[in-house]
Amino acid sequence: MFGLLNTKESDKTHRTAEITGAWDSGFVPAQATASSGFAAGTLVATQNGWQDVALVQAGDQVLTFDGGLQTVKSIRKELAWQDDFFCPEHLWPMHIPAGTLGNREAMTLMPDQTILIESDIAEEVFGDPFTLVKAEALEGYRGISRDRPATIFEVFTLVFETEQLAFAHSGALMHCPGDKEAEESYIVLDGEEAEMLIDTLDMLDRQNQGHTNPAMVA
């Protein structure tokens, strides 16, 4: 229905992610700031096809990596930052060029939003081809940059019964929290591990310019 690549399951041992937790639904007042979540305008795969995350409601079903269509239990809405005239640099969103992370169109990621990367290198080093890294760790990789936002925008966090990886912009896989603590999860790389992985993938990209890249980024 969505023209997505077939997914595969992994029976590797996963490390519990420290990014789960229950979110309250509703709008968070303007003094709040968001460093993770889906920027308004991000397309997610729903039971009705691709839809702007701003239009998704609790009770809708969203396509996930492992669980197929899963019901959205609640949605947290936040402002990307609080000041009309100044956005602190640590909250500057990441610009993801089209095709960089499986996304067919350019997209915006909040710096602390975790996203799935699949690669042979991750399997060799960490024992699992599927790993999660924060978007900020991708700065400089394949043209990904941290850009000063021109306007304030809303950020949406989709919450499921258990944590999920939701499809965005046709192929990118973004982590969403669950309202129940998961027993196991995908590996979430810390700063040094994420930097090592991205640097290695970047080096392979440079070595294989003009050739098929052996590392597949989801």
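Predicted model: local features only at pLDDT ≥ 70, side-chain atom pairs only at ≥ 80, totals over all residues.
Local features need pLDDT of at least 70, side-chain atom pairs count only at pLDDT 80 or more, and totals for chains, interfaces and linings use all residues. Residues are numbered from 1 along each chain as its sequence is written, and side-chain values use heavy atoms, with hydrogens and water left out.

**View 1. Strand E7 and its partner, strand E13.**
Strands (E, at least two residues) are DSSP runs, numbered from the N terminus. Strand E7 covers residues 74-79, and five of its six residues are buried, so the rest of the structure largely encloses it. Buried here means under 20% relative accessible area (1.4 Å probe, protein chains only). E7 runs antiparallel to strand E13 (residues 154-159), and six bridges join them. Two strands count as paired if DSSP finds at least two bridges between them. Look for Lys77: its bridge partner in E13 is Phe156.

**View 2. Arg76 in strand E7.**
Arg76 is buried, with a relative accessible area of 19%. Its side chain makes a polar contact with the side chain of Glu78, at 3.1 Å. A polar contact is a pair of N or O atoms within 3.5 Å; within protein, one must be able to donate a hydrogen and the other to accept it, and residues adjacent in sequence count only if both atoms are side-chain atoms.

**View 3. Thr46 in strand E3.**
Strand E3 spans residues 43-46. Thr46 is buried, with a relative accessible area of 1%. A polar atom of the Thr46 side chain lies 2.7 Å from the backbone oxygen of Gly49. Now find Asp60: Thr46 and Asp60 are 14 residues apart in sequence, and 7.3 Å apart in space, C-alpha to C-alpha.

Technical notes. Buried < 20%, exposed > 50% of the residue type's maximum accessible area, 1.4 Å probe, protein only. Helix = DSSP H or I, 4+ residues; strand = E, 2+ residues; numbered from the N terminus.
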